[in-house]
Structures are given as C-alpha cells and as structure tokens.
Amino acid sequence: MSTNPIPPLHLYSVPRDPQATPEAPPARERPRTAWTADQLMAAEFPEPKWAVPGILAEGVSLLAGPPKVGKSWLSLGLGLSVAAGGKAFDSVPVKGGPVLYLALEDTPRRLQTRMGKLLSGQKAPAGLTLVTECPPFPQGGSDAIAGWLDRNPDARMVVVDVFAKMRGQAPQGVSAYDADYVAVGYAKRIADHYGIAVVLVHHVRKMASEDFLTEVSGTNGIAGAADATLVLKRARGQADGILHVTGRDVNEAEYALSFQEASGAWHLLDGPASDHTVGDTRAAILRYVRANPGAKPKDIAEALPQAGADTVRRTCSRMAEDGQLTKDGSGRYYPDTETRTQGTPEVSQLSDCPVDPSDLQERPGQQEWELSHLSDSGEGSSQ
C-alpha cells in the first residue's frame with residue numbers, strides 16, 4: 001500500500017475526444033538568460049501576452065482580498081470570459097484560449113451552481129478545465145500543471161484558488177521571506193516557461209494599510225516574487241469594490257467594480273475609481289472639472305443646478321483640502337496639479353491613468369530557474 005499522502009491527481013482524468021489523433025506536445029526551448037550588453041540591445045522580444053488587456057499579463061499575478069469579498073466569483077468569471085473569448089468584467093475584450101482553473105476549496109456541485117449563475121443561460125466553454133484536487137507545487141503540482149499546458153499549447157491562463165493549497169511546506173532552515181519567495185517561484189517558473197498568465201488567489205492581512213501591497217498576507221517575498229499584484233477591496237459609495245493593480249508589465253491603476261448579486265459577475269464601472277468612492281455631489285464635480293479644467297465654482301454650479309451654488313462652493317473647497325482637486329490663485333479648479341501646470345496628459349482608455357508605452361514594451365530581466373522537470377513532464381506522472 002502506498003504511503004504517499006497526496007490525493008489522486010485529477011488533471012489527467014479530463015476526458016478527451018476519442019476521435020482525436022494524439023499529437024506530441026510541441027518542443028519548447030529553454031529561455032535564454034544571458035547576453036552581452038550589445039546582444040541584449042540588439043535582441044527583439046515579443047510583446048507580453050495579455051489574458052485581460054491592461055490588467056492580467058503573462059507572468060504571475062497575485063489576486064488578493066479579504067474573505068468573502070468575492071475573489072472566487074471574480075477569478076471564475078475571468079476564467080469563463082477568457083476560455084470563451086468574451087469580455088472580461090463585461091467590458092474588456094479578451095482573446096479566447098484554454099484556461100485551467102484549480103478550485104481547491106470548492107466541490108463540483110458548488111462550482112456548477114456558481115457557473116450556472118455566471119453563465120446566465122449561455123453555453124459553458126469547453127476550453128475551461130476545472131479541477132478540485134491537485135498536490136502542492138513541490139509535490140507534483142508543478143509537473144501536473146506543466147503536463148496540462150503541454151497538452152494545451154494555446155492556453156491563456158491558469159488560476160490557482162487558493163495559493164495556500166498549492167504552496168507546500170516551507171523548506172527547512174530558510175527565513176519566512178525566502179520561503180514565501182520560493183513558494184511563488186514555482187508558479188513563476190511555469191508562467192515564464194509557457195508564456196502564460198498564472199493567477200494566484202490569496203488573502204490579505206486583517207489590518208488595513210494605505211499601501212495596498214503591504215496588505216498581502218505573508219512577507220514581502222510573496223509580492224516581490226510575483227510579476228503583478230491585484231488587491232480587491234471593499235469600497236464605499238457607488239462601487240462594491242476597488243481593484244488595485246500594480247506590476248512590472250501593467251500600469252499602476254485602480255478600477256471601480258460593481259458586483260451583480262443576481263449573476264455573481266463583477267462589472268467594470270466607467271471612469272476613474274475616485275468617481276465611484278465619493279458622494280454623488282463630489283463625483284459630479286470631479287467629472288465636470290475633469291472635462292473642464294480651470295472651471296470656477298460658478299461654472300460648476302451652472303452645470304449642476306441640482307446641487308446649489310453654496311453647496312458647490314463649499315464642496316470644491318473641501319475637495320481641494322482632501323487632495324481631490326487643486327486650486328490656483330484665481331479660484332479655478334483642476335483635477336490635479338499636473339493638469340493645472342502642464343495640460344492634460346494622454347490617458348489610458350481602460351485605467352484613466354497616464355499612458356506609459358515603455359511599460360508595455362520593455363521586459364525586466366528574469367531570474368534563471370531550472371526548467372527541465374517542466375518540459376519533460378509526461379501524462380503518467382501523478383506523484
């Protein structure tokens with residue numbers, strides 16, 4: 001009798017089309033990790049592949065948030081959208097492709113119920129593979145995921161819900177930081193080798209912080225090893241949540257989201273997140289000043305007669321004190337200091353943050369990892 005405590009691996013039990021002719025997975029070259037300076041400057045690199053343009057690029061992304069905030073609804077909804085080639089958050093077009101979703105805290109019945117709400121009568125995409133059991137990364141999980149990716153060379157994304165179920169035991173004799181870094185490193189090896197997005201669903205600390213990166217549970221090694229960090233936080237005002245995003249290949253941004261109770265879907269709200277986390281009067285003033293930088297309270301009041309001139313004047317003054325607007329010496333209001341002094345910058349249509357094309361063109365250096373066990377994994381490996 002086997003003494004291996006790891007449960008049976010089900011990544012290989014997904015039925016195949018009996019008429020399909022088995023094909024050998026395409027050979028993958030090990031990524032080059034060393035150049036002379038002139039070689040590196042002369043090299044041409046492909047643009048990063050996006051699972052969700054502007055939000056989820058290839059590489060490891062942490063999706064963190066407090067319990068019951070809706071992380072699983074969000075990640076499953078993204079998995080369905082990417083597998084079907086639809087619109088993420090009901091507004092961002094995505095390119096379709098196979099998705100592996102490790103729902104390690106769910107039962108098949110719960111997944112079926114959840115997907116039924118999200119699909120709302122639409123046909124379920126065959127490109128989404130759902131798995132409820134998988135061994136930790138260091139105990140066969142990496143090989144299992146790599147085997148699935150070998151059999152699905154057009155895969156777009158892997159979701160691990162939750163990361164704690166896959167990280168495995170910390171190596172003996174290492175610091176907590178190093179243990180966290182190594183744990184995320186397993187996912188990063190897979191993401192870098194196959195050029196896909198790997199999303200690790202994770203938790204945040206109980207204590208809130210002004211810097212959302214410090215809210216990620218664990219040491220800084222977790223966020224440090226990841227390519228991007230996304231933190232879903234509850235919001236006040238019109239939004240049900242704010243998705244804070246930062247990373248190596250994504251512009252730092254905040255997205256206001258609305259949770260649709262009937263369908264379980266998260267929707268992206270129009271405009272900057274700040275418009276949806278303040279009261280209605282402040283939000284209306286922000287929208288007007290953003291469209292008309294340099295406006296005076298009188299101009300704003302004429303455009304917002306329902307607010308009243310006195311209310312607009314007092315609100316503008318308080319917004320300037322709170323840093324939501326800036327005011328010049330002549331009493332004119334601007335959405336920010338840069339607009340007041342330099343004019344309106346080019347902004348991203350998705351994030352409403354200044355566009356920095358270099359963020360989408362340059363790739364940081366990657367740490368060298370041993371990849372042989374990823375490319376050589378076979379279907380019979382199920383330790």
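Two strands are said to pair if DSSP finds at least two bridges between them, and strands (E, at least two residues) and helices (H or I, at least four) are DSSP runs numbered from the N terminus. In this predicted model, local features need pLDDT of at least 70 and side-chain atom pairs count only at pLDDT 80 or more, while totals for chains, interfaces and linings use all residues. Residues are numbered from 1 along each chain as its sequence is written, and side-chain values use heavy atoms, with hydrogens and water left out.

**The sheet**

- Nine strands form an open sheet with mixed pairing, in the order β7-β6-β8-β9-β3-β10-β11-β12-β13.
- The edges are taken by β7 (128-131) and β13 (265-268), each of which has a single partner strand, so one side of each is left without a neighbour in the sheet.
- From one strand to the next the twist averages 20 degrees, where angles run from 0 to 180 degrees between N-to-C directions and axes are lines fitted to C-alpha atoms, for helices over the stretch in contact.
- Strand β10 (residues 228-234) runs antiparallel to strand β11 (residues 241-247), and seven bridges join them; within this pairing, Leu230 has Val245 in β11 as its bridge partner.
- Helix α4 (residues 141-151) lies across β6 (99-103), β7 and β8 (157-161), and its direction is at about 155 degrees to β6.

**Packed helices**

- Two packed helices are described by the angle between their axes and the distance between the axes.
- Helix α2 (residues 71-84) packs with helix α3 (residues 108-119) at an angle of about 65 degrees, the axes being 11 Å apart, which makes α2 roughly perpendicular to α3 (angles under 35 degrees count as roughly parallel, over 145 as roughly antiparallel, 65 to 115 as roughly perpendicular and the rest as oblique).
- The contact (heavy atoms within 4.5 Å) involves Ser72, Trp73, Leu76, Gly77 and Leu80 of α2, together with Leu111, Arg114, Met115, Lys117, Leu118 and Leu119 of α3.
- By class, this contact of α2 with α3 has seven nonpolar, two polar and two charged residues, where Ala, Val, Leu, Ile, Met, Phe, Trp, Tyr, Cys and Pro count as nonpolar, Asp, Glu, Lys and Arg as charged, and the others, Gly among them, as polar.
- Helix α4 packs with helix α5 (residues 176-194) at an angle of about 15 degrees, with the axes 10 Å apart, and this makes α4 roughly parallel to α5.
- Where these two helices meet, Ser142, Ile145, Ala146, Leu149 and Asp150 in α4 are in contact with Tyr186, Ile190 and Tyr194 in α5, giving six nonpolar, one polar and one charged residues by class.

**Aromatic rings**

- Rings of Phe, Tyr and Trp (its six-membered ring) pair if their centres lie within 6.5 Å, and planes under 30 degrees apart count as stacked, over 60 as edge-to-face and the rest as tilted; by this rule the count comes to five aromatic pairs.
- Trp35 and Phe45 have ring centres 6.0 Å apart and planes at 85 degrees, so the pair is edge-to-face.
- Because Trp35 lies in the segment before α1 (37-42) and Phe45 in the loop between α1 and β1 (50-52), the pair ties together parts that are 10 residues apart in sequence.

**Backbone details**

- Most residues other than glycine have a negative phi, and most peptide bonds are trans.
- Lys68, in the loop between β3 (59-65) and α2, has a positive phi near 65 degrees although Lys68 is a residue other than glycine.
- Asp161 and Val162 are joined by a cis peptide bond with omega of about 15 degrees, and Val162 is found in the loop between β8 and α5.
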